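Subject: Structure for you to look at

Hi,

Here is the structure I promised to pass on.

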Amino acid sequence: MKKKWWHDKVAYQIYPKSFMDTNGDGIGDLRGIINKLDYLKDLGVDIIWLSPIYCSPFVDQGYDISDYYNIDPRFGTMEDMDELLAEAKKRNMYVLMDLVVNHCSDKHEWFQKALQDPDGEYGQYFYIREGKGDQPPCNWRSYFGGSAWERIPGTNKYYLHMFAKEQPDLNWENEKLRNEIYKMINWWLDKGLAGFRIDAIINIKKDLRFEDFPPDREDGLCSPGKMLEHAKGIGVFLKEMRDKTFRKYDAFTVAELFNYKEDELRDYIGEDGYFSSIFDFSTHLIGASEKGWFDRKPVTPNEYRDVIFRSKIETENIGFMSNIIENHDEPRGVSYYIPEGECNEKSKKMLATLQLMLKGIPFIYQGQEIGMTNNEFESIDEIDDISTKDEYLVALKAGYSPEEALKIVSKYSRDNARTPFHWDTSQNAGFTTGKPWLVVNKNYKDINVESQINDENSVLSYYKKLICLRKDEEYKETIVYGKFSPVYEEYDNILAFYRKGEDKTLLIIANYQDKKVELPLLHQNSKVLINNYDRLNVENETIILEPYQTVVLDV
Ligand code: TEU
Ligand code: CA
């Protein structure tokens, strides 16, 4: 595999609105990120990905962009952005922005012009179609609920929005629009960005017949995934985008890509792929249901192991996935993947070890490194997220009481990951001196940077150790490029694998359960590099692992 500059990097996702507020308006800002760069550098982070900071009405928290060329004043100014880029560079750090080009905001100038003249030039920037009688053109459901079509007032024309109605989809079939997007990407790359995280990109190719599919819920609509199954030829757009932008800059790109087909993996992330990497969402998809969050099934350790192993084997000779535990669209991983009552420092460290030792580029989500957990929402009014509000209604419609529906959505809500970051034990966890835009998790006095940074047994220090090991000259090659192969697969709730490098072999074993286990010893005299307990018990021919004990061994 041809080596690339990003292969051995550790990345970190910042959700700017909730990271650090420096002017007391309750909203995190660029100045806050600049102030915390040393914290990130000290953690071992090389690449930071900023969720959107462009001008936006914030209907979907910045994923609805009204001006791609400016910074939303709530986050700061373009001078702040330039300063952030310069400060990152000084520290040998790289900055990625979020590239949201499946849709823009309905307040974007293009869409405003399209509304004025749907048949004119800017009408062609969107998907605008005649209604069927007094109904929308077809029965597609948007990701956030309801029809994916919205009527243009005073006409029988509708525009397509796969997400919120304030996020009209951009018409990628229009070359003019595509060129506008490439121009914008290059403008940012010229400024010194290292690349992009690419939002919802699979949606840019539509099934242009715009016809009904069999409904899959009582609303008579079909899920957006159905349309994607029938949309052919996305590769033409992706290749063109790569060649006209990223490739010229040797930029790093990581795509958010659900719904890809296995035989297309090489096209996406192979040596000549459209992207540098895609996120590995395999564990996130476990238990999901067409019907809605109320129908989700909890994750079991065996399933977690099976899907991760399958995805690592699938990609082994193809390219690099980006490994995550959580992001701004997911509940906190430690609350979601660890059974209730078992979420503690040991189990948090177990998940961390797996993420950092698997092949791929680790993306740590802000707060993950201190073990932040889900929030307990007391009322639906505490929720801001558009997707959670929709799922709450879906649960009510399915017959759940308001209390039950709140409990269900609280478990999966995207706002779990969006509550403010916990810096210290002062008011609002040191995030703001004002009123935070979203509730602060009540456990911030127990879980925060200040109380962990000097404690060598803390979750934070453990993350640092894992990152140090990844960067250790002796082990780097093995952890970055070493071959993956599973072991102890016949044991339930054990996640174990080798990473075989040119001159080192590592064995990672995780006991993914709340009870002790004995395993046959496979290697004499191995060296313990990482251990989430003080010691590792080896007796005769067996290894005895404590609940959630996880070790990295040099065998
Ligand atoms: O998410 C795309 C995506 O597929 C979502 O529908 C995801 O399934 C959803 O979050 C589940 O509730 C991206 C962004 O990451 C997300 O924050 C945006 O809301 C969305 O695109 C629209 O831009
Ligand atoms: Ca602020």
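At what angle do helix α5 and helix α7 pack, and how far apart are their axes? The angle is about 40 degrees and the axes are 10 Å apart, with α5 covering residues 175–191 and α7 covering residues 234–244. The crossing of α5 over α7 is right-handed. On the α5 side the contact is made by R178, N179, Y182, I185 and N186, and on the α7 side by F237, E240, M241 and K244. Bear in mind throughout that this is a predicted model.

Now the overall layout. The chain splits into domain 1 (11–104 + 173–461), domain 2 (109–160) and domain 3 (482–554). Between the C-alpha centres of domain 2 and domain 3 there are 56 Å.

Next, the metal site. Five names to click on around the calcium ion (ligand 2): D21 (OD), N23 (OD1), D25 (OD), I27 (O) and D29 (OD) are its protein donors, at 2.3 to 2.4 Å. Along the sequence, the spacing of these donor residues reads D-x1-N-x1-D-x1-I-x1-D. Are D21 and D29 buried or exposed? D21 has a relative accessibility of 4%, so it counts as buried. D29 is at 3%, so it counts as buried too.

On to the strands. Start at β1 (residues 11–14), where A11 and Q13 point one way, Y12 and I14 point the other way, and all are buried.

From β2 (residues 47–50) you can walk on to β5: the two run parallel and are joined by 4 bridges. I48 stands opposite V95 in β5. Strand β5 (residues 94–99) is mostly covered, with 5 of its 6 residues buried. β5 in turn pairs with strand β9 (residues 195–198), again in the parallel sense and over 4 bridges. Here D98 has R197 of β9 as its bridge partner.

There is also an antiparallel arrangement: an open sheet of 3 strands in the order β6-β8-β7. Its edge strands are β6 (128–130) and β7 (149–151), each pairing on one side only. From one strand to the next, the twist averages 35 degrees. β6 pairs with strand β8 (residues 157–160) in the antiparallel sense over 3 bridges, and E130 has K157 in β8 as its bridge partner.

Is K397 buried or exposed? Its relative accessibility is 79%, and because the cut-off for exposed is over 50%, K397 counts as exposed. K397 and E218 are 179 residues apart in sequence, yet their C-alpha atoms are 9.7 Å apart in space.

Cheers

Definitions and conventions. Residues numbered from 1 in each chain as written. Chains lettered and ligands numbered in written order. Predicted model: local features only at pLDDT ≥ 70, side-chain atom pairs only at ≥ 80, totals over all residues. Heavy atoms only, no water. Donors = N, O, S within 2.8 Å, 3.2 Å for Na, K, Ca; no water. Buried < 20%, exposed > 50% of the residue type's maximum accessible area, 1.4 Å probe, protein only. Pairing = 2+ DSSP bridges. Domains from an automatic or database assignment. Axes fitted to C-alpha atoms, helices over the stretch in contact; angles between N-to-C directions. Left-handed = near helix turned anticlockwise from the far one by under 90°. Contact = heavy atoms within 4.5 Å.
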